[in-house]
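Dear colleague,

I am passing on to you the structure shown below, and after it you will find notes on what turned up when I went through it. Please keep it open beside you as you read.

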Protein chains: 2
Amino acid sequence: MSTSGSDAARQLHVFPVLGIGEVEAGDDVAGLIHAALDRPVMRGDIFVITSKIVSKAEGRVFAGADREQAIDAEAMRTIASRQNPGGSVTRIVQNRFGLVSAAAGVDTSNSPGGRLLLLPEDPDRSARDIAATLRTIYRVDVGVVISDTLGRPWREGQTDCAIGAGGVRVLEDLRGDLDTEGTEMAVTVPCVGDEIAAAGDLVKRKTTRVPIAVLRGRGDLVGPLDLPGASSIVRPPDRDMFSLGAREAYEEGFAAGLAAADPAADPPPSDPRRSS
Amino acid sequence: MSTSGSDAARQLHVFPVLGIGEVEAGDDVAGLIHAALDRPVMRGDIFVITSKIVSKAEGRVFAGADREQAIDAEAMRTIASRQNPGGSVTRIVQNRFGLVSAAAGVDTSNSPGGRLLLLPEDPDRSARDIAATLRTIYRVDVGVVISDTLGRPWREGQTDCAIGAGGVRVLEDLRGDLDTEGTEMAVTVPCVGDEIAAAGDLVKRKTTRVPIAVLRGRGDLVGPLDLPGASSIVRPPDRDMFSLGAREAYEEGFAAGLAAADPAADPPPSDPRRSS
């Protein structure tokens, strides 16, 4: 299924959508694309849209000026936190739609007046809505990926990842397919959604006013609007080996060990999130 | 520094190098590219090369048939492990050049006769060697990224990342640059090396015999051969909040808590890897 199309045609073209100005609450992102894009859209094109402009269009501004309060409001739980040399605190949290990120995506950069921008309420819904409107406008099937910039454990720097997706496959399940030696690809599930977001970032870049790129050449990933969204990328708790930071888990274990040594004390609470 | 070049020219083109056959120990990867590639190479082109063929060219075959033994030989330490429902064990380990991955990259897929392939000995050195030879052949400055497929905490599926780099910037430091609102981009360091590897994977794919792609359009990232390699992406221990899996850290803490409750016992060993 992944080898469809001739090899010669198998190339990728990623180009920016230029001329998108400042986005305001109430703006129609698909309409902004239509007004700005000066070249034809083709079946299978995938629009990679920076979450920040979706947040702006949806008016996702925190009603307050305190960044920590905004993070508290967005976070379902804290996975790890660390005090930085300068005194600030880095908090890795999981938000209501399962995304694990630093500071729950609360952002002041590229935001007028330093207002606190939150992530879109439901990025998969946003992506499907934009994809549906684009399909109506252009009369061809296109996909939408909403991207955000995420850090990672063990690796420095950030990469753009898919936090919303509409009409595009985000996980390409190769399990059961055979590799070139005829061996089954047992565990390979490329997260093409994240790879598409990453490719888009190489064109959009960070410090310029280009919040949207078009990726052409993987139309095989574009399908019905009810394909699973980026929420399907969220790892379920029973497969999560890093549900807590090392220090946080150690401290929880230490307290439990102390309590276990004193049978008269109350038993320590167990943590159902920890994988076995 | 990141806004050089006209917007109109700012697009990305990624195409496969077709016709690379089975790679044997002793093969010269740059020579294979030169023999296979049927279009001109341009200044700033970045070659994304699947680590597997570099391993094959370098004869990195484990002298044995036991996969666990091969992982033991490659791993410097185990970060987390988990028994899967089928009885197999997933081990997240850190290898000698700092890469954190499942099974230390030991691989049997796409390997003739199911031999155990190890990662290249020093992927940055391999990438620089290949880049140097390509620069001699084509008389233009090109970059090389050696990619491997890595899983991630909290997110399902895998993405291709840079495990080796030669003559190409892998971390684009935007700290100090101003965003479109004039706010300093305080913590943004896009890992363009990993994003380049991801874009390459969208063209190479997994089940086809296309181990190399060329990425054109980010020549601004190509520079001297002595630029920091992919080893610079490895996060140093003092910035690592996930130096152990949640279960492993909890168990270590539990043992320490038990021991601390009994002052007569030996003090528990402290873990210098854990971030404060």
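In this predicted model, helix α3 of chain A, residues 67–74, lies across the strands β3 and β4 of chain A and runs at about 135° to β3(A). Those two strands belong to an open sheet of 3 strands in chain A, ordered β3-β4-β5 and paired in antiparallel fashion. Its edge strands, each pairing on one side only, are β3 (75–83) and β5 (100–102) of chain A, and neighbouring strands of the sheet are turned by 20° against each other on average, with direction ignored. Between β3(A) and β4(A), the latter formed by residues 89–95, there are 7 bridges, and the two strands run antiparallel; Q83(A), for its part, stands opposite V89(A) in β4(A).

The next point concerns the two chains together. Two packed helices are described by the angle between their axes and the distance between the axes. Sorted by kind, the residues of the contact of α6(A) with α6(B) comprise 15 nonpolar, 4 polar and 2 charged.

Lastly, there are the aromatic rings, for which the count comes to 4 pairs over all chains. In one of them, W154(A) and F242(A) have ring centres 5.0 Å apart and ring planes at 75°, and the pair is therefore edge-to-face, since planes over 60 degrees apart are classed that way. This pair links distant parts of the chain, 88 residues apart, with W154(A) in the loop between β6 (143–152) and β7 (155–166) of chain A, and F242(A) in the loop between β8 (212–216) and α6 of chain A. Both W154(A) and F242(A) are buried.

Another pair brings us back to helix α6 of chain B, where Y250(B) and F254(B) both lie, 4 residues apart, or about one turn of the helix. Their ring centres are 6.4 Å apart and their planes stand at 25°, so this pair is stacked. Y250(B) counts as buried because its relative accessibility is 17%, which is under the 20% limit, whereas F254(B), at 27% relative accessibility, counts as partly exposed.

Definitions and conventions. Residues are numbered from 1 along each chain as its sequence is written. Chains are lettered from A and ligands numbered from 1 in the order in which they are written. This is a predicted model: local features need pLDDT of at least 70, side-chain atom pairs count only at pLDDT 80 or more; totals for chains, interfaces and linings use all residues. Side-chain values use heavy atoms; hydrogens and water are left out. Ala, Val, Leu, Ile, Met, Phe, Trp, Tyr, Cys and Pro count as nonpolar, Asp, Glu, Lys and Arg as charged, and the others, Gly among them, as polar. Two strands pair if DSSP finds at least two bridges between them. Axes are lines fitted to C-alpha atoms, for helices over the stretch in contact, and angles run from 0 to 180 degrees between N-to-C directions. Contact means heavy atoms within 4.5 Å. Rings of Phe, Tyr and Trp (its six-membered ring) pair if their centres lie within 6.5 Å; planes under 30 degrees apart count as stacked, over 60 as edge-to-face and the rest as tilted. Buried means under 20% relative accessible area, exposed over 50%, partly exposed in between (1.4 Å probe, protein chains only).
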